[in-house]
Amino acid sequence: MNDDPVAIAKACLRAYVDKDRAAIEALIADDFHFTSPRDDHIDRREYFERCWPFNEQVEFFRIEKLFSEGNEAFVRYACKPVNREAFRNTEFFRVENGKIVEVQVYFGSPAKDVSSR
């Protein structure tokens, strides 16, 4: 994978849809940290324990906005979990040497207008 934060952010979301742990492990740096309203700067190991299992619920992501500058990207997406209402989140990705070193997630609102691909 190259250093393009847009391509890397898209590949990260694709790994969730494909339930491909090997793909996401290849994207995430050893010194990775993740922050969300529920997670305060957790490390790679804890991310895989707490966050990765959500992949089993993901039906699809629909990227709605994606901006990048340098080695950083902001992505707003709608996520449709299986048998649940869709929701929107925004994620900030920071990439170094082709790997994700930081993700900050900002939880959004329900996405009642999203029901299918």
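Mentor: We'll take the pocket, then the strands.

Mentor: Keep in mind that this is a predicted model.

Trainee: How much space lies in the largest pocket?
Mentor: About 590 Å³.

Trainee: Which residues are closest to its centre?
Mentor: Phe-34, Cys-51, Phe-54, Asn-89 and Phe-107. The lining of that pocket has 26 residues.

Trainee: How does the lining split by class?
Mentor: It has 17 nonpolar, 3 polar and 6 charged residues.

Trainee: And which elements give two or more residues to the lining?
Mentor: There are helices and strands: α1 (5-18) and α3 (44-50), plus β1 (28-36), β4 (72-81), β5 (87-96) and β6 (99-110).

Trainee: Strands now. In what sense do β1 and β6 pair, parallel or antiparallel?
Mentor: Parallel, over 4 bridges. Within that topic, Thr-35 has Gln-104 in β6 as its bridge partner.

Trainee: How many residues does the hairpin between β1 and β2 go through?
Mentor: The hairpin joins them through 2 residues.

Trainee: Next, how many bridges are there between β3 and β4?
Mentor: 10 bridges, in the antiparallel sense, with β3 at residues 58-69. Leu-66 has Val-75 in β4 as its bridge partner.

Trainee: What sits in the turn between β3 and β4?
Mentor: Gly-70 is in the turn, with a positive phi of about 60°. β3 and β4 form a hairpin with 2 residues between them.

Notes
Residues are numbered from 1 along each chain as its sequence is written. This is a predicted model: local features need pLDDT of at least 70, side-chain atom pairs count only at pLDDT 80 or more; totals for chains, interfaces and linings use all residues. Side-chain values use heavy atoms; hydrogens and water are left out. On a 1 Å grid over the protein atoms alone, a cavity is a set of points where a 1.4 Å probe fits but cannot get out, and a pocket is an open set with protein on both sides within 12 Å along at least five of seven lines; lining residues have an atom within 4 Å of a point. Grid points are joined across faces, edges and corners, and a volume is the space filled by probe spheres set on the points. Ala, Val, Leu, Ile, Met, Phe, Trp, Tyr, Cys and Pro count as nonpolar, Asp, Glu, Lys and Arg as charged, and the others, Gly among them, as polar. Two strands pair if DSSP finds at least two bridges between them.
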